[in-house]
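The sequence and structure come before the details.

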Amino acid sequence: MRFTSYEFLGFLVLLFPLYYLVPKKWQWGVLLAASYLFYAFAGWDCILFILLTTLSSYGVACWIGWRASAEETYLACHREEMDKERRKAYKAKEKKRRFHILLLGLVFNFGILAVLKYTGFAMSGFNQILNVIGQGTLEIPDLLLPMGISFYTFQTMGYLIDVYRAKTKVERNPARLALFTAFFPQLVQGPISRHSDLAEQLYMPHSFDRKEFIFGLQRILWGYFKKLVIADRILIAMKTLLADPEEYRGGYVVMLILLYSVEIYADFTGGIDITIGIAQALGMKLRENFNRPFSSHSTKEYWNRWHITMGSWFTDYVFYPLSVCKPMMKLSKWSRAHLGNSLGKRVPVYLATTVTWFLTGLWHGAGANFIVWGLLNCLVILVSQELEPLYARFRRRFPNLSSSNGYGKFMAVRTFLLMGLIRSLDCYRNVGTTFRLWGSMLTVWNWGELPKGMLRLGLGVADYVIILGGCLIMASVSVMSAKRGLRERLYQHPVLSWVLCGGLLIAVLLLGAYGIGYDASQFIYDQF
Amino acid sequence: MNLKKRILIAVCAILVITLILSFLQLLVVPKYRSNPEGAMIGEYYDQAGGHDVIFVGDCEVYESIVPATLWEEYGISSYVRGSAQQLVWQSYYLLEETFRYEKPRAVVFNVLALKYGTPQSEAFNRMTLDGMKWSTSKWKAIQASMTEEEHFLDYVFPLLRFHSRITQLTAEDFQYAFDAPAVSQSGYLMQTNIVPMTEAEEEGRTLSDYTLPESAMNYLEQMRLLCEKNGAELILMKAPTNSWAYWWYEEWEEQICTYAEEKNLSYYNFIPLCEEIGIDWNTDTYDAGVHLNVYGAEKLSRYFGALLQSAHHIPDRRSEAETSARWQERMDAYRKQKIQLEKE
């Protein structure tokens, strides 16, 4: 059941009243049933995998929790007879035991993800090697990829790690953990929530709050506007550009970079708006996943504003643990001793950053292009970090210029273009093709034919006007939202609020690229 | 602001939004002026009632039967509820709906549509179904006709289907948004052009299976029962044509003959009767043998009218003042359109 289908809207229309009409203690049960019903639309066989993740995580979390309480009980019972050293040794032993249990859960669940998502990629790589040595090829199995597997696996594994770190409490009710894993609005494309943020909200009773409900509906509508009016309209041109990349070189590559930047932003943030809006209408508050990423002045800042929950997941559960793990400490010591303090201290940080970005790329998809995409992001961040002293000198030398509004805008545009360039790896899905087409931007000078050429991509002048108008509205709302309380202020002026929402609804219905003749596609992040 | 005031504003806003959307819907739905085949089904309701014969079927009906000729020559009051590629279940549900408006003595069904057993094309579905007034018949017709890409809600709110036309609106869309003149003459779509058939097509392309689809035959049977229930005689016909696209095979003919014999129905295949009817494929077709033009259709209607009156006892109503007056208007319109089209 796609977010953009009539069935999904019907599903929400039934769910909202049901949710608020049932006794409050049953609300989370309704959500669980709704979530599994939503998931069942993706295929009954997919349910098996989400159940496996839920049950294994439940078992592992309870096991870790049981060991932790056993440790506490043991220490409490033997407080008198154990000295500090013995207590420390006992704790360390127990921690190691819990870590092994955690590892079991992580290996099992990431194993499922790896097998289902990366077998094809690994085997095609292996086949290339076999080809080179003339040993033929292996048949690549067509494995099922359950909807949202990357998102729910990461969310649930985050919960396991938090249980291990005692940052969240163990969920003793498997049905409740099932709801946390399968909460339907965020199944498709996140945000990746933390157990400590979401769980209580899911299980606690919610009374109908008119204002929050209206805000939720407004946010859903706004999400549909971005997705259907802007993203799916651009998709038409993107499909033409990508159908024959070698035909569309030079200036077209620049156009593709610009169009795809807008498309993925409207698509992903639109989907997240729908997700957060649904949760808000149900009385819950999910973490924001975007914070005006295109206003970022640097790549690092961009990644703090784009897909925030994924970034923070990798930071908390990959980068930090990797940076402070024993082998990394040893490497740090060694590199400082052999490469000097300045360079030596960078080695473990750079290694951890590279590994994190490699995994981020791999998370996005099973393909060399995603890995290269991740590593290029890493490279840009590390180079920027290395050049920081230079920037600092520049800022000291030209304080007025570097603090001016124009310079800020320049940096934002620069970051936007750089990120767009790297992001095009995601479009072409082939590293060689992407690099070749990047080169064509310098070698093929076909800007003159662009005005006519752009009208041969499946979009007419009216479509570009709609896209441009949509972008202007999106940018205006983004700027106004930055000043707090846009919807609050609108709530005080119901007539204006209705005019704007009515206009938005009409725009979605009339200008949305949906229905026969259009391919109101899945959200781009569905596939990740 | 108090709750009452908020509710009042919300109700007003919803009303205004609904009005705007309704207007936009009227604007974006196709008006079928340059391609009038989609406008005919909806024209029936202005003339519903008082017909002794109702014709249902695809283009072979609305291009071959001229109710004006049937009236002029025999005083037969008839109407053609045909539409482009009208599938047999669409004919059935149109007929079911027609029986709610009137009780004809005879229903004539053109059998070519029996070759289709599954939904075919969204565009043709729209031409048949959009014109129908909402009823259980329309509901069932939509359910039976939808292709995989279609959605029922798109029929309920055509704006959802045709919204993309907003960027392609023409003056025609504004002109005919609220009211549009009829394009047909009692369901007959007049064509005055002459495009002779240059080469006779001897035989159709070979099919892997010549069995008419079971689902189509089931609907034919349902149509028979429906007519029986409503006291109407079901008559089967096959319009004359001579093209690949509309080829009529011997095997199909046999199946229809067997069915007609079993159910004691009259069946007229006009293909072998072309010479007797007087159809000249050099002058009586507007598209090289695919369909008849008005001259061929008038000839066929004259021939068929005689059969309807002699073999099926369809009465001559010319002596009835009220019916006659109504038909006089239609005859005037028919003649006017013929002259106008001939001039063009």
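## Terms and basis

A residue is called buried when its relative accessible area is under 20%, exposed when it is over 50%, and partly exposed in between (1.4 Å probe, protein chains only). This is a predicted model, in which local features need pLDDT of at least 70 and side-chain atom pairs count only at pLDDT 80 or more, while totals for chains, interfaces and linings use all residues. Residues are numbered from 1 along each chain as its sequence is written, chains are lettered from A in the order in which they are written, and side-chain values use heavy atoms, with hydrogens and water left out.

## Aromatic pairs

Rings of Phe, Tyr and Trp (its six-membered ring) pair if their centres lie within 6.5 Å; planes under 30 degrees apart count as stacked, over 60 as edge-to-face and the rest as tilted. Over all chains, the count comes to 69 aromatic pairs. One of them is the tilted pair of Tyr265(A) and Trp306(A), at 6.4 Å centre to centre and 40 degrees between the planes. Tyr265(A) belongs to helix 9 (residues 251-281) of chain A, and Trp306(A) to the loop between helix 10 (299-305) and helix 11 (308-324) of chain A, 41 residues apart. Helices (H or I, at least four residues) and strands (E, at least two) are DSSP runs, numbered from the N terminus. Both Tyr265(A) and Trp306(A) are buried.

In chain B, Tyr210(B) and Tyr249(B) make an edge-to-face pair, 5.4 Å centre to centre with 65 degrees between the planes. Tyr210(B) is in the loop between helix 10 (171-175) and helix 11 (214-229) of chain B and Tyr249(B) in the loop between strand 4 (233-238) and helix 12 (250-262) of chain B, so the pair ties together parts 39 residues apart in sequence. Tyr249(B) is buried, at 9% relative accessible area.

## Interface of chains A and B

Contact (heavy atoms within 4.5 Å) involves 25 residues of chain B and 20 residues of chain A. The two chains bury about 2000 Å² between them, 75% of it on carbon and sulfur atoms; buried area is the accessible area (1.4 Å probe) that two parts lose on being put together, summed over both. Arg6(B), Ile17(B) and His163(B) supply 28% of the area that chain B buries against chain A, more than any other three residues.
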